[in-house]
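User: I would like to learn how to read charged pairs in a structure. Please take me through it one case at a time.

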Amino acid sequence: MVYVLIQINRFSCGSWLQDVLLVKSWKSSTFVWRLVVLTLAMVSGVYICSICLKQIGTGTKVRFLEIKVEQKPCPEPNIEPWEIPYVHYPKPKTYSRAECACHPVRYFAILSMQRSGSGWFETFLNSHDNISSNGEIFSVKVRRSNMSTITETLDTIYNLDWLSSASKNECTTAVGLKWMLNQGLMQHHEQIAEYFRIHGVSLIFLFRRNLLRRMVSVLANEYDKNAKLLNGTHKSHVHSPKEAEVLAKYKPIINSTLLIAQLRQVNETTTKALEYFKSTRHIILYYEDVVKNRTKLRDVQDFLKVPQMDLKSRQVKIHKGSLSSQIGNWNDVTKVLTGTPFESFIREDYRR
């Protein structure tokens, strides 16, 4: 009995010792883990703080830079609400507009046909201090090869990055070009009309009423390209009465058989152009009206919203006087046109 009690006591003491050792071991292990967790927490905290400080520093720099390059917006122009889409503030890539940065610019295009007085008309516009009309840009085929090249060219012109003799040092108020109907304009008329709408481009239509006179000018110009009557040089436009007299000596022979069809085709082309772009803000001018009445040039300046100036041109008219003195087979032409819708062409006359 005594032996059994001793064994029980031994067993109880052994268990108690084991429990004590286990508790001490667990407490020691817990302390180690706590130390590890605490260390990891400290390292993580330091890392997170360093990242935050970097972000704060970077953000401060970015805000500083943004403030530095921020430009003061241009004041709202004193215009009617309908005019807002037609007022622009170009930012050229090739130079800075400096004090002219807030000077509003309007975009325009002169739509016409060869030998309709567009070159003469454009010289008037370019005599204005604030108008830059850059000429027959799309006479170069590659520029009108597709809509992408057309858009790229127009963007360059209207962003004031197209540098030509028409470019102004003064603050440009109106910038544009001369565009013939047969230079990609009619083929891509839908996309081009949309471009005009989106970019707020205004149109100046310039045509000739007397299409027979235009035909004389076309044939005479074609002839001079080969003949080069002015000392071996071809000139589409002249600046002296003497040069004009030399070129006017040539009297073209008009194909009377094709005459009616050719006049009708030109008339249909101009009618289509007016229809295609009727929704675009525009003004319609006729060469004969500008010749007779120079106040038409004031109407154009009002249309472009530029200061009124007396516009001048150095170009000299080549074909003057009656048509009978300019056409080699006048009698044939008269017979063909008499009794047709084009009969008035052989009777109309104007002098300037």
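Analyst: Start with aspartate 310, which is exposed at a relative accessible area of 61% (exposed is over 50%, buried under 20%, partly exposed in between, with a 1.4 Å probe and protein chains only). This is a predicted model: local features need pLDDT of at least 70, side-chain atom pairs 80 or more, while totals for chains, interfaces and linings use all residues. Residues are numbered from 1 along each chain as its sequence is written, and side-chain values use heavy atoms, without hydrogens and water.

User: Which side chain does aspartate 310 meet in a salt bridge?

Analyst: Side chains of opposite charge can pair when their charged atoms come close. Here the partner is arginine 298, at 3.4 Å from N to O (a salt bridge is a Lys or Arg side-chain nitrogen within 4 Å of an Asp or Glu carboxyl oxygen). Aspartate 310 sits in the loop between α10 (295-304) and α11 (330-337), and arginine 298 in helix α10, 12 residues apart (helices are DSSP runs of H or I, at least four residues, and strands of E, at least two, numbered from the N terminus). Arginine 298 is partly exposed, at 38%.

User: How many salt bridges does the whole structure hold?

Analyst: The search finds nine. One of them joins lysine 178 to glutamate 136, with the closest N and O atoms 3.7 Å apart. Lysine 178 is in strand β3 and glutamate 136 in the loop between β2 and α3, so the pair ties together parts 42 residues apart in sequence.

User: Is lysine 178 buried or exposed?

Analyst: Lysine 178 is buried, at 7%, whereas glutamate 136 is partly exposed, at 27%.
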